[in-house]
Amino acid sequence: MSSRALAAAALTLVAVALLIVEMASWGASARFGPVLHNTSRCTLGVVTVGDAERTSGLREGDTLLLPQIDAPGRLAVSQIVAMQVAHVNETTRLVVQRGDQQLSLPYTFHHTDGVGRFLAQLGFKFVILAVGLLVLWRGRDRASLLLGLWCLGIVVALPDAWWGGLPFNGRLFGSFLTAALWTCLPFILYLVVESIVTGVGSRTKTIARILMAITIAPSLIVNAFNTAALSWTGCAPVFLDPWIVNAAFASSQLVTIGFFVVSYMRSTGLERLRVRWVFWAYMLSRFGVLLNLFNRISLHPVHLSGIEFFTVMIFPIGCAYAILRHHIIDVNFVLNRTLVYTILTTLAVGIFIIVENVLNAIAVNRGVGLAVELTLALSLGLSFNALHKRTESAIERTLFRRKHQAAVALQRLSEEAAYTESADALLDRITTEIPRATGARSAAVYERIDDGYRLVAGGGNDMPQTVDIDDLAFVRLRKGLSQVDLTDVPSALGTDGFAFAFAVRGQLVGALVCSRRLNGESYAPDEVAMLRNVAHEVGAELHAIRTRQHAELLDAVVSGRMDLHTARARLDSMSAID
């Protein structure tokens, strides 16, 4: 198992385990109701108090003296980040400074969230979890790994984290983990953006990283380390003004936005097309985050009842779409299969319901009706595969006409290759028709020579004329005799496209190299299979033509009609295989 797979497995297990713990703890979790802000290393000021909390005796302007409150109470009241770490019906005594008076007020933590709110937050977590697992397990690049990590962190920390059902030490650990994740996730998000975009140099990336570290450092100190110390001892190691902390954290979002805008403006053509989905998804998703941060530093906050978290989902979904579309699978392939099975399922269920209603309407006796229904169900099941093929063909002809025409062209090329007599004609057809059918930038053909592989057709100026015999792409082609995704291997052929083996009797005699499409989309699995089949047929016929040419030259040399010097020149002109 690869190191990436091990990391993905470990992250998945940890995130799912923590989510299960939170779900189990929800019913026993509660939060401290009044809104607080730091006033010193050892005190918190009460900003607002709800009507329900006024019965406890708390008032706006009160100051909580944390060292004189018990540990569970300090843990509950010191959480600035949204989380529920108090145990339901647990009572603590709040020591309050009000003017010249010092009061001791009993406060009982109540579970205030309804089932609807819990299900909404759980739905948010499940959506983000699904996206995270998808890119973590199906992605193959740094961007997908970081996005998966970001999604799993979101699942644990947002919108709420529920730790109230755990013992005190478990609640303390959960609160520190949540605060650290909540604060560091913007930096991970920046790294996701940095991994996707192009057009910026290493110096710009270094400056952006430093700015991100500077802007999130105050929040990390206050939300994670200070709150942990407040919960444990009653006093924070460092006091930072809340307004400065919140303003700096809001600035971290502006750093990422600015970096993304600069990189997007500098990218052109294909590169801009590749990041377009991610760019606009990111910009839309920042609405909710910036609104939330604006509320933290504004005297007149604007609350939109959860819309903030709804917009957050836009980015991972759009980002996952872009990553998977350009690196793993064509979205048309998924849509095609989804439509096929949706239509088939609808037809099968609809036909079954209609026939059943007809049978009931004509009052068929019970035994016959049941037999007919069972026979109908069995018939539909047996014919499902045939229906699938016919429905898929119809969908490809109507909704996916371009892909259907490309499939027809590749199939025709594969079938007619065996009837081509001239190597030049066959090579010209390959390098012309494959880019036209698939939308690839170019197609190139390499043949085996003594010490490597020689470009014999196509490719233009972008492809090397010769490739070393132990180039890693060709090593893997010799090993598997199938295809190699060039994004997976360092090769002189580049890092963008596929190489398909020309295999004859278990030996690699050359390769067909197809670059990525002009629009940036990768090839769907069925297209890869078709191109592999074309390469097999073309490679076999090209080998047969070369073998026949060798035989004709050998016969001419043996019979004396041609000297060795002329024969060798003829071989070189044909780029023949020794």
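Start by selecting Ser-442: beyond its neighbours within four places in sequence, Ser-442 is in contact with Pro-435, Gly-459, Val-513, Cys-514 and Ser-515. Show these partners together with Ser-442. The model on the screen is a predicted one. Ser-442 belongs to the loop that runs between α15 (423-438) and β8 (443-449). Is Ser-442 buried or exposed? With a relative accessible area of 19%, Ser-442 is buried, because buried means under 20%.

**The whole chain**

Now zoom out and colour by secondary structure. The chain has 18 helices and 13 strands. Of its 578 residues, 47% are buried. Take the contacts between residues at least 6 apart in sequence: 66% of them join residues at least 24 apart. The chain exposes about 27,700 Å², and carbon and sulfur atoms supply 63% of that area.

**Aromatic rings**

Next, show the aromatic side chains. The count comes to 13 aromatic pairs. For one of them, select Tyr-446 and Phe-474, whose ring centres are 6.2 Å apart. How are the planes of these two rings set, and what is the pair called? The planes stand at 70°, so the pair is edge-to-face; planes over 60 degrees apart count as such. Tyr-446 is part of strand β8, while Phe-474 is part of helix α16 (residues 472-480), so the pair ties together parts that are 28 residues apart in sequence. Both Tyr-446 and Phe-474 are buried.

Move on to Trp-26, Phe-118 and Trp-162, which form one aromatic cluster. Where does Lys-125 lie? Lys-125 is over the face of Trp-162, at 5.4 Å from the ring centre.

**A patch on the surface**

Switch to a surface view and select Ile-207, Ile-210, Leu-211 and Ile-214. These residues form a nonpolar patch on the surface, and together they have about 360 Å² of accessible area. One of them, Leu-211, sits in helix α6 (residues 202-232). The relative accessible area of Leu-211 is 38%, so this residue is partly exposed, a class that lies between the cut-offs of 20% and 50%.

**Backbone details**

Return to a view of the backbone and go to the peptide bond from Leu-158 to Pro-159. This bond is cis, with omega near -10°. Pro-159 lies in a loop, with α4 (142-157) on one side and α5 (168-196) on the other.

Select Leu-481 next. Although Leu-481 is not a glycine, its phi is positive, at about 55°. Leu-481 is placed in the loop between α16 and β11 (483-485); α16 is the helix that holds Phe-474. Leu-481 is partly exposed, with a relative accessible area of 32%.

The last stop is Arg-505. Here too the residue is not a glycine, and phi is positive at about 55°. Arg-505 is found in the loop that links β12 (497-504) and β13 (507-515). Is Arg-505 buried or exposed? Arg-505 counts as exposed because its relative accessibility is 84%, and the cut-off for exposed is over 50%. To end where the tour started, follow β13 (507-515) to Val-513, Cys-514 and Ser-515, which are among the contacts of Ser-442.

Key
Residues numbered from 1 in each chain as written. Predicted model: local features only at pLDDT ≥ 70, side-chain atom pairs only at ≥ 80, totals over all residues. Heavy atoms only, no water. Helix = DSSP H or I, 4+ residues; strand = E, 2+ residues; numbered from the N terminus. Buried < 20%, exposed > 50% of the residue type's maximum accessible area, 1.4 Å probe, protein only. Contact = heavy atoms within 4.5 Å. Phe/Tyr/Trp six-rings, centres within 6.5 Å; stacked < 30°, edge-to-face > 60°. Lys NZ or Arg CZ within 6 Å of the ring centre and 35° of its normal. Patch = residues over 30% accessible without salt bridge, like charges linked within 9 Å, V, L, I, M, F, W, Y side chains within 5 Å. Areas by Shrake-Rupley, 256 points an atom, 1.4 Å probe, with all protein chains shown as cover. Salt bridge = Lys/Arg side-chain N within 4 Å of Asp/Glu carboxyl O.
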